[in-house]
Amino acid sequence: MNNFSFLLGFLCICVAKTMQELNVEENDPCRRPCERGFEPLVCHYKFEIEWYSTLAEACRNCPFNVTDCFRPGCIPGDGNRRKIVTINKMLPGPSIEVCQNDTVVVDVINKLENEATTIHWHGQLQRAYPYMDGVPYVTQCPIEPYTSFRYTFKATQAGTHFWHSHMGMQRVDGAFGPLIVRVPKEKDYHSDLYDFDLSSHTLIISDWETKIGEIVLLSHFYSQEETSPASLLVNGIGRHKTFYNGRNKTFVPTARFDVQKGFRYRFRVINSGSLNCPVELTVVKHDIIIISTDGQDIKPIKASSLIMYAGERYDFILHANQKRDLYWIKFRGLLNCNTIYTSVFQVAVLEYAGINAEPNSYPSKVFFGFPPRNGIQVNPLNEGNESNNTVVPVSRMEAIDDWNESLQLIPDFQYYIGFDFNNISLRKFQWPHKSNFKVKNPVKIPQFNHISFLNPSIPLLPQRDQLDGEIFCNDENHQEQNCSNVQCQCVHGIKIPLGAVVELIFVDEGYTYDGGHPIHLHGYAFRVISMERLGSSVSVEQVKKRDEQGLIYRNLYNAPLKDTVSVPDGGYTIVRFVANNPGYWVLHCHIEIHLALGMTMILQVGEKKEMVPVPRDFPRCYQSEPEFTVNLDSYNASENSGSWVTIQTKFVIVMLLLVLYVIF
């Protein structure tokens, strides 16, 4: 009987896997098995971005009727009713799952009424498609209300990635979703380590507030409120607010992940968080094997817990080798989410098949403490080369790909980027000049090299023909000499020769807060060759001196590849890459409030003439007359290019027709 049950379970899960891999949904033929020699597809998606609400009318009697919580259009969130930004009335937004080298075509329709938007494809390097990177005023004009923009690019970077708005606080309010790029089994270095890679085993974590992002930002400055989220969400849902129905209490349901005993599963985890809230993941009574970070394979690491910073992605394998039961997957917030602040936690459920659990049943009471089992912690908080053997920081991970030219002994271009929270007054948050009111403890501003980034007046890449002379300021040429006390704000950036081996040394000086910054670079994956915490605080000059004395170790053999990395507070992280992707690429902290306050700079790689030509009729900002329709089908940037951008102003046309109808 036991053998029959096992065989039946195996057949059921094979059917489930086949159905998911073949994607029985008629509207998404791109979610399919990726076979060797397959013909790449053109994958079309339509994104309507708009304001919506959690627990809207579509939720009916959720959470008391669990089925209602999963109706189309129902977004339970954490149980608090609040205004949110959604794509297609979903949280997270639609999952894009394609095979490597498929062409992704996304029509983004802005229905936000009073806000512009853009979408960034986090993890896709956009080689030959730099105009599709989705950074307002750098690679494109913002998508204005009631207009649309077509993003078209090849999904060349395999692995676990995500897309999100790159405008204002829209990502904080819900404008994000998974982007999974799979490869044939023959190209998957880890394919022998797992049995199933299911769409249903993608986890996207988000820190979550009961207020919209703009209010959180303004409250931080004017009311001195901490920017600490109220809760976490996993795949858009999670426990927080308690509901009472008579004597019974309940929460909105949690995310659930089904497994069959005896099999090994690949889980893909995305931290789409927006605040200073790294998240630690553990699975009760299960170890996990980390096999990938930011879409790049690493040598497997067996661990009991994993810490993820905003913007990072990790893939791990879970072996369902425990008794058939329900188990907690636990998520513990750190830094601004730890016990000093809001004690933010969340749970999901790992459910073994065959136990006939009720839809809303859960394991026994959950304990949120430090990991209860001994084991390895991966990507620890504020640790690097100095760490002991119980943790594996990024600097100790090993890439599958060994040496390449970025790991040459001496880089061609080296640049130090120091950052901290500086005690200056940000102009846009100052009180009127005639006011006698003075803030006793002004909010300190995060900056790179004591400079706040200011958006250029025109998009740099598509309208670079309008740029006259030097547009960047940096710590070497800024006119204001006293940036330690006065806000220095400008188009912060540096120029890098095309083809140079670049070494960036990030130094988190750590004098103000015991915090952290996840740094994300567009257009490149970099090697993390060194990471170390030196103390509670450190200066750029101290790190330079330490390097001159030969006290900094660099892994120039098999350093891991990433596109988002943390920097230890009071320490440094060193990264390397070959500057072979010409264009204007943004480097920024992936904490949304820090980004909004100017913790950003631009790397100009190559001269303007070395960049990919501007697509014909590409939208330009601040024209004397608006262009209602732009067609870019004929653009050919390279042999990989295809159909590019279409922008429509349907709302304006409709309004003009209505006016004409009334007149005549």
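Biologist: How many helices and how many strands does the protein chain have?
Modeller: The counts cover the protein chain of this predicted model. They come to five helices and 38 strands.

Biologist: What share of the residues in the protein chain is buried?
Modeller: A residue is buried when its relative accessible area is under 20%. The protein chain has 664 residues, and the buried share of them is 58%.

Biologist: Among contacts between residues at least 6 apart in sequence, what percentage joins residues at least 24 apart?
Modeller: A contact needs heavy atoms within 4.5 Å. Take the contacts in the protein chain between residues at least 6 apart in sequence. The part that joins residues at least 24 apart is 77%.

Biologist: Which are the edge strands of the open sheet of six strands?
Modeller: The sheet has mixed pairing and the order S10-S9-S14-S19-S16-S17. An edge strand pairs on one side only.

Biologist: Which residue in S10 stands opposite Trp-208?
Modeller: Strand S9 (residues 202-208) runs antiparallel to S10, and four bridges join them. Opposite Trp-208 stands Ser-231.

Biologist: Is Asp-68 buried or exposed?
Modeller: Asp-68 sits in the loop between strand S1 (42-53) and strand S2 (83-87). Leaving aside neighbours within four places in sequence, its contacts are Ala-58, Cys-59, Arg-60, Asn-61, Cys-62 and Cys-74. The cut-off for buried is under 20%. Asp-68 has 5% relative accessibility, so Asp-68 counts as buried.

Biologist: How many of the residues of strand S34 are buried?
Modeller: Look at both sides of S34 (residues 571-578). Gly-571, Thr-573, Val-575 and Phe-577 point one way, and all are buried. Tyr-572, Ile-574, Arg-576 and Val-578 point the other way and are buried as well. The count for S34 is eight of eight.

Biologist: Which residue in S34 is the bridge partner of Asp-508?
Modeller: Strand S29 (residues 501-508) runs antiparallel to S34, with eight bridges joining them. In S34, the partner of Asp-508 is Gly-571.

Biologist: Which residue in S34 stands opposite Arg-527?
Modeller: Strand S31 (residues 526-533) pairs with S34 over six bridges, in the antiparallel sense. Opposite Arg-527 stands Arg-576.

Biologist: Which residue in S33 stands opposite His-517?
Modeller: Strand S30 (residues 517-521) is antiparallel to S33, and four bridges join the two. In S33 (residues 564-567), Thr-564 and Ser-566 point one way, while Val-565 and Val-567 point the other way. Opposite His-517 stands Val-567.

Biologist: Within what arc do the buried residues of helix H3 fall?
Modeller: The buried residues of H3 (residues 540-548) are Val-540, Val-543 and Asp-547. Seen down the axis of H3, they line one face of the helix, because they fall within an arc of 65°.

Biologist: Which exposed residues does the other face of H3 carry, turned away from the buried side?
Modeller: The buried residues of H3 have cover that includes strand S24 (413-422), S29 and S34. The face turned away carries Glu-541, Lys-545 and Glu-548.

Methods. Residues are numbered from 1 along each chain as its sequence is written. This is a predicted model: local features need pLDDT of at least 70, side-chain atom pairs count only at pLDDT 80 or more; totals for chains, interfaces and linings use all residues. Side-chain values use heavy atoms; hydrogens and water are left out. Buried means under 20% relative accessible area, exposed over 50%, partly exposed in between (1.4 Å probe, protein chains only). Two strands pair if DSSP finds at least two bridges between them. The arc is that of the directions from the helix axis to the C-beta atoms.
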